[in-house]
Amino acid sequence: KGTGERYFLAWIDRKKLTTESFPFEIGDEVIKFDSKPIKEVISELKSEIGSNVAQTDESLAQLYLTYRSGKRVMTPKKGPVTLTFKKNGESKEFDHQLVWNHTKELINYDVVTNNKNNKTFSRFKSRFNMSSPIAKALTNRKAKNPWDLGARRSFLPELGTKIWESNKDNHYDAYIYLSEEKKLVGYLRIPTYDASEEEVAKFAKIIEKMEKTTDVLVIDQLNNPGGSVFYMYSLLSMLTDTALHTAREHMAITQEDVKEAAEDLPKLEKIKTVEQAQKYMEVETMDGWPVDLTFIAFLKGYYQFILEEWNAGRFLTTPWYIWGVDKINPHPEVRYTKPILLLINEMDFSGGDFFPAILQDNKRVTVMGTRTAGAGGYVLEMSIPNRLGLAGWSLTGSLAKRVNDQPIENLGVTPDVEYNLTADDFQGEFEGFLKEIKKNIKKISK
């Protein structure tokens, strides 16, 4: 990880690299990679990734520095590689050789990857290089590396001495500590929005405790790859005591969407009870979001909208709400009503864009960090039988607009309080970042 000018070791897997075999530490500076200046290698990787928010491309390139995936249409590496390091606080440079852990393809498709002039392949590569699929491919919920997308614990050090914390097997890393100002501060890590009603129930218990105990809450969604809309809505419903306006979306529709709407709308009209609604949907909740008559009413409105848009000749709809949900009502039992500081960064994708956007648009939180990735809509995944080594591709299915009509795509969410990690942060256990977080906790908890 680095600042764009200088790069540092941010995590070392000591099960693979012992101190004896790799005598370097977190915070040591990387000067060269594969005998090239590190900045030059990062720039080359950025050109392969595509065009996202500039800071997102920079962070993705840093992730891909030691992880080259053929699945992401990159050239996998093998054999030895020489790195040059400068130990923290020292000026002397040290060369150290490592070897790529290379896994060979089981099914040969070199006819494509080795043909640099294959125009069809190049067109696919550039056209379907989407932010959200990249995040999905890099997500690792069980990661021990705190920089991985979706990791349970982030790289953020503890904010204070804990007086309570969640169990280690809980989906959420959460704790409470007493600040220097004698305020009880809650911390809650949301690693991903790809979870289910079981995790929603755990979230509810934590929020219930935070509401009873704390004066302010810090939500950490750093490096969040996104996930389910309704799971995200379920969490949002517990962070407010007033209805939250959601984002609208321009949606790409096809005959298949219209067929579904035309066939399902008459069935929905017959639903008169919650039991009938749940039988129709075959679930009691959509990732924690209750399936009830309100849900059915939203769905009917959505299907009517799809039919009207198609009949009006629009294949990209006017802005409307996903499945018709225009507002998120407060949870009937669990609500956090105190101030919230929400931490974001450039590696927050899709749901990681929408979550802060909704809370910021409704003036519910103070957002701190760096601008999110700007993956502003849902994604359609497609595949066709082929011999090109092409497993599938992704297309943008929608483009979202915030309450003020500003798009999320390629813009992301701009924080209320901007903070970019510095070289001192990487080499000094994030002392500057922690100081700024505590400064803003104090500010919003007055």
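The lining of the largest cavity splits into 4 nonpolar, 1 polar and 3 charged residues (Ala, Val, Leu, Ile, Met, Phe, Trp, Tyr, Cys and Pro count as nonpolar, Asp, Glu, Lys and Arg as charged, the others, Gly among them, as polar). The model is predicted, with local features needing pLDDT of at least 70, side-chain atom pairs pLDDT 80 or more, and totals for chains, interfaces and linings using all residues. Residues are numbered from 1 along each chain as its sequence is written, and side-chain values use heavy atoms, leaving out hydrogens and water.

That lining consists of Arg153, Ser154, Leu156, Pro157, Glu158, Asp173, Tyr175 and Tyr187. On a 1 Å grid over the protein atoms alone, a cavity is a set of points where a 1.4 Å probe fits but cannot get out, and lining residues have an atom within 4 Å of a point. The volume comes to about 50 Å³, counted as the space filled by probe spheres set on the points, with points joined across faces, edges and corners.

As for helices (DSSP runs of H or I, at least four residues, numbered from the N terminus), α8 (residues 255-269) packs on α10 (residues 293-311) at about 140 degrees, axes 9 Å apart. Axes are lines fitted to C-alpha atoms over the stretch in contact, with angles from 0 to 180 degrees between N-to-C directions.

Terms used:
1 Å grid on protein atoms, 1.4 Å probe; cavity = no way out; pocket = protein on both sides within 12 Å on 5 of 7 lines; lining within 4 Å. Helix = DSSP H or I, 4+ residues; strand = E, 2+ residues; numbered from the N terminus.
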